[in-house]
Amino acid sequence: QAKNDGRNNYRYYSPEMNTHMLERIQLEQRLRQAVIRQEFCLHYQPIVNLDDRKITGVEALIRWQDPKFGMISPDKFIPIAEETGLIEPIGEWVLQQALTDLAHWHRLGFKISMAINVSGRQLLGHNKTSFKCLLKALLQKNNIEPQYLHIEITESMLMDDTEQCMAALESIRSLGLDIYIDDFGTGYSSLSYLKRFPIAVIKIDKSFIDNMLERESDAKLIKAIVMMGQSLELKLVAEGIETHAQWQMLQALGCDFGQGYLFSHPLPAQELESYLHQQALSIAISCS
Ligand code: C2E
Ligand code: MG
Ligand code: MG
Ligand code: MG
């Protein structure tokens, strides 16, 4: 009898579970510190026109440089930031930093656009009106025309709280900026959402691009997404292009834009600036 109890207890307080919980709590504490100490930075990944590889914009991707543990991936800490509400101050910092950098590049004459990832909690959080106000204030402060700013949301967000989500997206749209659907094809894709929500661009998830050359079914799916996008007058961005062959095939399928290691990794602001200068230079040379 006692033995059984012991086993049950053991199962409940399993060492793996303790380790996991402890790690989770520690990560949360460090994340709180990171917000105070501003241990984040943004990297920018070029989004290019698939016809000529010319950069049309960048996506801002957050990086967390922990003094003790080094670089921590957003896939690891964004979910925790969402659960704890820390996403609100973090998201605000992202917007501020990204728009400051964008204004700087515009002043240099590089009229590129900026895509920013926004999570549901930011959009629908208790501050839903203030997210729009924040956007508006930051665009004004940095003197950026709204069509240069894009907001990326994931498909699954459109499923939660549809009415509220619709209202929030409409109010952001009314500022004049485009809304992108990120990771398209991985969530609960329901085609009716594409028609009902004010979406301008679909980003085809990397998982389809990864196997498109080996798996005919993935290539066919991409083709179907492209055709659907075209008939709804949406633009298409392919994510995670790593090879020349993928690029060629996506272009042949009619995909408009792409991003991926083939064109560039996400770059620190300074390196992105060099990339912009280099591209301008190579265009000037090829035209002369
Ligand atoms: P995402 O928005 O789908 O971003 C694309 C991810 O794919 C980025 O990962 C990028 O570095 C990676 N990637 C791009 N091209 C390639 C490629 O050719 N090969 C491979 N293997 N990977 C490629 P990252 O930077 O680790 O970001 C992961 C996710 O974290 C993002 O996925 C986004 O959902 C989230 N995230 C990043 N920054 C922010 C942010 O500021 N706010 C919010 N809410 N989420 C963010
Ligand atoms: Mg994204
Ligand atoms: Mg994505
Ligand atoms: Mg993703």
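Modeller: Helix H2 gives the largest share of the lining of the second largest pocket, namely six residues, and this is the part I will follow. The model is a predicted one, in which local features need pLDDT of at least 70 and side-chain atom pairs count only at pLDDT 80 or more, while totals for chains, interfaces and linings use all residues. Residues are numbered from 1 along each chain as its sequence is written, chains are lettered from A and ligands numbered from 1 in the order in which they are written, and side-chain values use heavy atoms, with hydrogens and water left out.

The second largest pocket has a volume of about 280 Å³. A pocket is found on a 1 Å grid over the protein atoms alone, as an open set of points where a 1.4 Å probe fits, with protein on both sides within 12 Å along at least five of seven lines, and its lining residues have an atom within 4 Å of a point. Grid points are joined across faces, edges and corners, and the volume is the space filled by probe spheres set on them. The lining consists of His20, Glu23, Arg24, Gln26, Leu27, Arg30, Phe69, Ile72, Lys76 and Ile80. Two elements, helix H2 (15-37) and helix H3 (74-84), each give two or more residues to this lining; helices (H or I, at least four residues) and strands (E, at least two) are DSSP runs, numbered from the N terminus. By class, the lining has four nonpolar, two polar and four charged residues, where Ala, Val, Leu, Ile, Met, Phe, Trp, Tyr, Cys and Pro count as nonpolar, Asp, Glu, Lys and Arg as charged, and the others, Gly among them, as polar.

Side chains of opposite charge can pair when their charged atoms come close. A salt bridge is a side-chain nitrogen of Lys or Arg within 4 Å of a carboxyl oxygen of Asp or Glu, and by this rule the count comes to 13. The side chain of Arg24 meets that of Glu83 in such a bridge, with 3.1 Å from N to O. Since Arg24 lies in helix H2 and Glu83 in helix H3, the pair ties together parts that are 59 residues apart in sequence. Arg24 also forms a salt bridge with Glu28, at 3.8 Å from N to O, and these two residues of helix H2 are four residues apart, so about one helical turn separates them. Arg24, Glu28, Arg32 and Glu83 are linked in a network of salt bridges. Arg24 is partly exposed, with a relative accessible area of 23%, whereas Glu83 is exposed at 57%; buried means under 20%, exposed over 50%, and partly exposed in between, with a 1.4 Å probe and protein chains only.

A salt bridge also joins Arg37 and Glu39, whose closest N and O atoms are 3.6 Å apart. Arg37 counts as exposed at 53% relative accessibility, but Glu39 is buried, with a relative accessible area of 12%.

The largest pocket has a volume of about 1,200 Å³ and is lined by 42 residues, of which Glu59, Leu61, Asp75, Asn117 and Asp182 lie nearest its centre.
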